[in-house]
Amino acid sequence: MTSRGMTADPGVSAGDRSALAGARRIVVKVGSSSLTSIKGGISEESLTALADALAAKRNAGAEIILVSSGAIAAGLAPLGLAKRPRDLATQQAAASVGQGLLMARYTQAFGAHGVTVSQVLLTAEDLMRRSQHTNALRAMDRLLNLGVVPVVNENDTVATHEIRFGDNDRLAALVAHLVRADALVLLSDVDSLYDGPPAQGAKRIPLVTGPHDLEGVSIGKAGKAGVGTGGMMTKVEAASMAAGSGIHALVTSTPNAAAALNGEDVGTWFAVNGSRKPVRLLWLAHVASVQGRLVLDEGAVRAVRHHHTSLLPAGISAVHGDFEPGDAVELAGADGTVVARGLVNYSSQELPHMLGRSTRELGEELGSGYDREVVHVDDLVLV
């Protein structure tokens, strides 16, 4: 078992799934296609079977956080909708109806095992702002300490296109980092990652130790059920994000949940190949919507890339895009190569007047507040 906040045990081999069997804190994500259908709404059989497996693991001493899709899909039938709506307002309406239905079923299914569940709805902003992600962590830690299984979903009712995670696979990976989980399990209607279309005789990939293991692999997109937004691609991205920053990850099907949690050889195991990173930097690297670009001179590129320093106005030669303080921007060289992403401290209207000038000069001329970095090193991630 890995300790929270630490990298994998060097004595455990890359393909050893005992790390999952013995994990103390596990984030499990389940997709819409595994729980619901357009025709029948929530599948009682599928949801109950999943709850049985997770409750058994919880009652054996593990802490479980369930990231569950399905709110929008669960709201389709009650609203008389034939398919997942494309417009944001109707998606929000369906989520508002479906989330209550989904939680009612989870409360009943877990309650049969004496396990209490809670609802936790998050937006991307809850993980990108220090005060909000600290509050989210405190709440989840307390729920887990009380023996509760938090059921997490994106807050679809209020989230806008600009601040959405995009899919619950990435949300699950970020939640795993937020709560310092030992493992991430991504469940869907596909039992494993294959090296091509399974229907064409492709072979299962049992282990991924790094990006090189996925070279030449054809990875599918959203499935046929029509109720989800992800697909195998988003699961591979989320699992790779977790493994690359210190968390064991497994991709498999929902019927394999119990076997997966017991450490059996099912699905595709993503071995840890990196160390833990702050959740905000993971959000910045993988999820944040980039609003602009800062073009750096050669000296600034070297300072950011090789010395990992803050970006100062003196090293910027051009500004592109329309952004406000706190927005995510790309940092690129003169040749267009993006070297980093960061949260900018000034707007796109302010910056052009500051380019090439020292912070001391700006502070003396424009006053306090203009002697700050454009992007602080703590809000910067190399790409």
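## Ground rules

Contact here means heavy atoms within 4.5 Å. Helices (H or I, at least four residues) and strands (E, at least two) are DSSP runs, numbered from the N terminus. Axes are lines fitted to C-alpha atoms, for helices over the stretch in contact, and angles run from 0 to 180 degrees between N-to-C directions.

This is a predicted model, where local features need pLDDT of at least 70 and side-chain atom pairs count only at pLDDT 80 or more, while totals for chains, interfaces and linings use all residues. Residues are numbered from 1 along each chain as its sequence is written, and side-chain values use heavy atoms, with hydrogens and water left out.

## The sheet and its helices

Let's start with an open sheet of 8 strands, in the order E5-E6-E4-E1-E7-E9-E10-E8, with mixed pairing. Two strands pair if DSSP finds at least two bridges between them. At the edges sit strand E5 (117-122) and strand E8 (207-208), each pairing on one side only. Strand E1 (residues 25-30) and strand E7 (residues 183-188) run parallel and are joined by 5 bridges; Val28 has Val185 in E7 as its bridge partner.

Two helices lie across parts of this sheet. Helix H5 (residues 88-111) lies across E1, strand E4 (63-68), E5 and strand E6 (149-154), at about 150 degrees to E5. Helix H9 (residues 232-243) lies across E1, E7, strand E9 (248-253) and strand E10 (268-270), and runs at about 175 degrees to E7.

## The annotated binding site

An unreviewed UniProt entry carries a "binding site" annotation that covers, among them, Lys29, Ser188, Asp189, Met233 and Lys235. UniProt positions are given in the numbering used here, feature names are shortened, and annotations may be inferred rather than shown by experiment.

Take Ser188, which is in strand E7. Ser188 is buried, at 6% relative accessible area (buried means under 20%, exposed over 50%, partly exposed in between, using a 1.4 Å probe and protein chains only). Its side chain reaches the backbone nitrogen of Val190 at 3.2 Å. Leaving aside neighbours within four places in sequence, Ser188 is in contact with Ser34, Lys235, Thr252, Ser253 and Thr254. Met233, found in helix H9, is partly exposed at 33% relative accessibility.

## Asn168 in helix H8

Asn168 is in helix H8 (residues 168-178) and counts as buried, at 8% relative accessibility. Its side chain makes a polar contact with the side chain of Asn153 at 2.9 Å. A polar contact is a pair of N or O atoms within 3.5 Å; within protein, one must be able to donate a hydrogen and the other to accept it, and residues adjacent in sequence count only if both atoms are side-chain atoms. Not counting residues up to four places away in sequence, Asn168 touches Lys29, Val67, Ser68, Ser69, Asn153 and Glu154.

## Aromatic pairs

Rings of Phe, Tyr and Trp (its six-membered ring) pair if their centres lie within 6.5 Å; planes under 30 degrees apart count as stacked, over 60 as edge-to-face and the rest as tilted. That rule gives 2 aromatic pairs. One is Tyr106 with Phe110, tilted, at 6.1 Å centre to centre and 50 degrees between the planes. Because Tyr106 and Phe110 are 4 residues apart in helix H5, about one helical turn separates them. Tyr106 is buried at 0%, and Phe110 is buried at 0%.

The rings of Tyr346 and Tyr370 have centres 5.9 Å apart and planes at 25 degrees, so this pair is stacked. The pair links distant parts of the chain, 24 residues apart: Tyr346 lies in the loop between E14 and H13, and Tyr370 in the loop between H13 and strand E15 (380-382). Tyr346 is buried at 1%, whereas Tyr370 is partly exposed at 25%.
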